[in-house]
Amino acid sequence: MNETTTISPATITEKLAWLELRYWKFGQDDTLADHLYDLYEFDNEGFMTPQPRRDPLTGETKGLMVLGGSGNGKTALLKRTLRADPVLREFKIDEGGNTLFITVPPEATIKKLAEIILQMTGYAKVDSKLRAADAWEIARHRFGLVGITTVVIDECHHILRPGPGRDVLAAIQSLKHIMQSEHGVALVIAGVPTLRDAILSEPSGETYRRFSELRLSRIRPGSIAARRFGQNFMKSAQMLGVQVRAEDALADRILFAEHGQVGKSVALAKEILRNAVTRQREALSLEYAERVFRKSKPDLEMTPFHAAAWDAVKSELEAIGWGQ
Ligand SMILES: Nc1ncnc2c1ncn2[C@@H]1O[C@H](COP(=O)(O)OP(=O)(O)OP(=O)(O)O)[C@@H](O)[C@H]1O
Ligand SMILES: [Mg+2]
């Protein structure tokens with residue numbers, strides 16, 4: 001997974017655009033890559049190929065389940081991997097590619113998902129009277145026809161939601177069939193932790209056992225991920241020409257303020273940096289950071305950005321139950 005070299009942004013507009021698009025690595029990329037390696041064949045040079053690894057006796061491919069609470073960075077991680085990985089390239093109808101990335105809409109049924117796949121792979125004749133099983137058969141056939149060897153289904157929990165007119169068991173089986181057909185593809189599904197529970201509801205457990213699991217969690221204080229968050233923050237500040245004092249422990253305060261939730265922590269960190277760039281400040285201060293934070297939390301008496309030593313502020317906030 002290679003990294004392109006970055007050229008320092010110079011103007012305010014360039015800086016803001018750079019900051020917005022900047023992906024922060026916490027080590028989850030490496031963990032995902034490690035899981036993905038198990039889904040594919042390798043060549044003699046030791047490189048992963050786009051060819052799914054098949055069970056020699058059954059011909060079946062494998063799956064990976066990416067689980068995490070809302071905002072923990074599942075979509076960002078998967079999309080980033082597709083952009084950066086030299087082997088997996090997102091399929092677009094006019095551009096080719098080997099990896100189909102599907103985001104399941106909230107109300108979609110399993111049949112709707114098959115129809116989405118047909119549309120995305122350029123099958124124009126979707127007949128609304130088509131039965132779900134037939135739509136899936138054509139969809140699986142399309143993978144082979146257009147050269148798709150990996151399918152990523154984001155927000156997959158939506159198709160496994162019970163309710164009137166929704167057949168959860170059939171939906172689980174459709175996922176299994178993706179890995180069983182003649183044009184079997186490597187399957188990555190992502191969603192909130194109830195996705196796993198839903199797949200486990202199949203009494204035989206035959207679909208569940210075909211998946212390995214990757215869980216994205218919050219960033220815990222003192223963890224490697226927390227240290228990397230801090231490094232990303234400092235690196236970004238440096239690229240933007242904004243000075244940060246290490247003793248202010250800004251990154252730790254940001255993680256604490258947002259309870260280590262990845263999406264919110266990154267968003268707050270970027271907002272604090274953005275604030276400094278747009279106001280053309282040369283250095284960050286706790287006062288400015290607090291002002292940014294208070295815009296979304298105006299009622300707090302004391303915030304993690306209180307201008308005193310971080311250890312003392314942290315103890316005081318913990319005493320009033322902040323970390324809970
Ligand atoms: N490593 C990262 N670097 C920069 N931004 C990130 C990173 N991870 C997540 N984000 C940002 O945090 C926000 C939440 O992330 P994302 O949408 O990927 O979470 P999710 O787990 O897919 O949530 P949901 O279950 O609600 O879809 C997004 O705005 C995303 O761009
Ligand atoms: Mg998402």
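**A covered strand and a helix pair**

Start with strand 6, which is covered on both faces: Ala 186, Val 188 and Ala 190 are buried on one side, and Leu 187, Ile 189 and Gly 191 are buried on the other. "Buried" here means 20 or more other C-beta atoms, placed from the backbone, within 10 Å of the residue's own. Strands are DSSP runs (E, at least two residues) and helices are too (H or I, at least four), numbered from the N terminus. Since six of the six residues of strand 6 (residues 186-191) are buried, it is largely enclosed by the rest of the structure.

A quick word on the source: this is a predicted model, where local features need pLDDT of at least 70, side-chain atom pairs count only at pLDDT 80 or more, and totals for chains, interfaces and linings use all residues. Residues are numbered from 1 along each chain as its sequence is written, while chains are lettered from A and ligands numbered from 1 in the order in which they are written.

Now for the neighbours. Strand 6 pairs (DSSP finds at least two bridges) in the parallel sense with strand 3 (residues 63-68), over five bridges. Leu 64 has Val 188 of strand 6 as its bridge partner. Strand 5 (residues 150-154) also pairs with strand 6 in the parallel sense, over four bridges, and there Val 151 stands opposite Leu 187.

Over to the helices. In helix 8, Ala 226, Phe 229, Gly 230 and Phe 233 meet Leu 250, Ala 251 and Leu 255 of helix 9, contact meaning C-beta atoms, placed from the backbone, within 7 Å.

Terms used: Two residues are in contact if their C-beta atoms, placed from the backbone, lie within 7 Å. A residue is buried if 20 or more other C-beta atoms lie within 10 Å of its own, exposed if 12 or fewer, and partly exposed in between; C-beta atoms are placed from the backbone.
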